[in-house]
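This report describes charged side-chain pairs in a protein model. Please keep the sequence and the structure in view while reading.

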Amino acid sequence: RSSAVARPEELADFLKAHPEIDTFDMIFTPISGAGRGKRLRREELSGVYDEGCHLPVSTMVADITGQDTEETGLVFASGDADKLARPVPQTLVRAPWLGARAAQFLTSLYELDGTPNALDPRHVLRGVLERFAADGLTPVVACELEFYLVDPERTKEGGIRLPMLPMGDGRPPRLHNAYDLRDLDDVAPFLEELWSVADVQGVPLQGAVAEYAPAQYELTLKHKADALRAADDALMYKRLTKGVARRHGFEATFMAKPFQARSGSGLHLHVSVNGADGSNVFASEDPAGSAVMRHAIGGMKALLGDGMAIYAPNANSYRRFKANSYAPVAPGWGINNRTLPLRVPIGPAHTRHIEQRVAGADANVYLALAAMLASVHHGISTKADPGAPIEGSGYAAAESSGIRLPTHWLAALDALERSKVMRAYLGDRFVDMFVCVKRVEFDRFNEVVPSLDYDWYLKNA
């Protein structure tokens, strides 16, 4: 049995410690990134932990709404064959927002012969991490996720609105109030339960800030020298945040751009790399980092466009990218500069690391980390030159350079499909299937005639 698969003893210990729990959510992560799964009874668990659970491979290539993508050839053309979902170690935990008798665990998908399924995002990330391990290196990563709390009831027109906050003044929030502690006071019961549930699940959730929009928040997950577990933490965090929000009368959304006139929500990825002795190979008294760190930046900068379809995987993702919005629009790096996609934060020499600010909160965290770390490894391996750091506005630098990231969905998919480096790290089969699913999703999205079409064209065309 692989160390990547939970042992039956883990289940036995959990059941002994929690005789009251009788429902278990089995979660898997398809290409779309939205956790899906089954709800199982207690007596079904031993079979899952002993032998695995059969799942149709079509679930991996469903679109964001859960609809099959026949164009992949993995639905009717192949008989929608079953694969095996196997539990992930140390992810069997209580799910308190679902009640005192509920728990959950994560799974990865395997072929029937026990080999990893090439489309499972956890295995895609694992494959990139094996490249580092072969070189005696270990990435250290952390995820920062922004989200909004919104009213669970949609407007008459189908839109969304900000919620009434339990400790507020009886009106929805209106001002930016970035970093305002009173805005955190207004949702204190929600935050307290969020931290409590995170502690129960072993998710290393740190402090909260009120972000640059009303009812927008950011919480950080503690950095880890286990990028796969860090991605598991992020997936679990998104699920528990949505669950706890519902208990408090909100909807928590990780959409990249839920409001036209307000800031979008990002997934900020922090990375450093440890050497064989456990020390940070990016460490340097120079704020620009060591030579190895600059090579990593060079790879990240060169491949930002290649990975854009992964960092921004949905139609709504591309509404986030515009000048002076804290969502970068062109490649570049700098020191202590949030207008750039690659930021080197200030701090003591031993903490030197890179923050990637392109990914949206709607990205599949496993795949976003895989694409970013592929860029880091490629940069280190090829000793890539990042060029000089940019000072001042990254948006002004983008205007003068004329170089842009692909901020149209189809252009980003074309860039990923053409990328020899991403194919080498993520796998040809994965890239082909990801691009296929997202192109079909693009067509489905654009087939829908929204009310805006009638507002603009019904009388004016």
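## Terms and basis

A residue is called buried when its relative accessible area is under 20%, exposed when that value is over 50%, and partly exposed in between, using a 1.4 Å probe and protein chains only. A salt bridge is a side-chain nitrogen of Lys or Arg within 4 Å of a carboxyl oxygen of Asp or Glu.

The model is predicted: local features need pLDDT of at least 70, side-chain atom pairs count only at pLDDT 80 or more, and totals for chains, interfaces and linings use all residues. Residues are numbered from 1 along each chain as its sequence is written, and side-chain values use heavy atoms, with hydrogens and water left out.

## A partly exposed pair

The structure contains 20 salt bridges. One of them joins Arg7 and Glu9, with 3.5 Å from N to O. Arg7 is partly exposed, at a relative accessible area of 47%, and Glu9 is also partly exposed, at 44%.

## A link across the sequence

Asp63 and Arg444 form a salt bridge in which the closest N and O atoms are 2.8 Å apart. Arg444 belongs to helix H13 (residues 428-447), while Asp63 lies in the loop between strand S3 (53-56) and strand S4 (82-87), so the pair ties together parts 381 residues apart in sequence. Helices (H or I, at least four residues) and strands (E, at least two) are DSSP runs, numbered from the N terminus. Asp63 is buried, with a relative accessible area of 3%.

## Within helix H13

Lys438 and Glu441 both lie in helix H13, three residues apart, about one turn of the helix. Their salt bridge has its closest N and O atoms 3.2 Å apart, and both Glu441 and Lys438 are buried.
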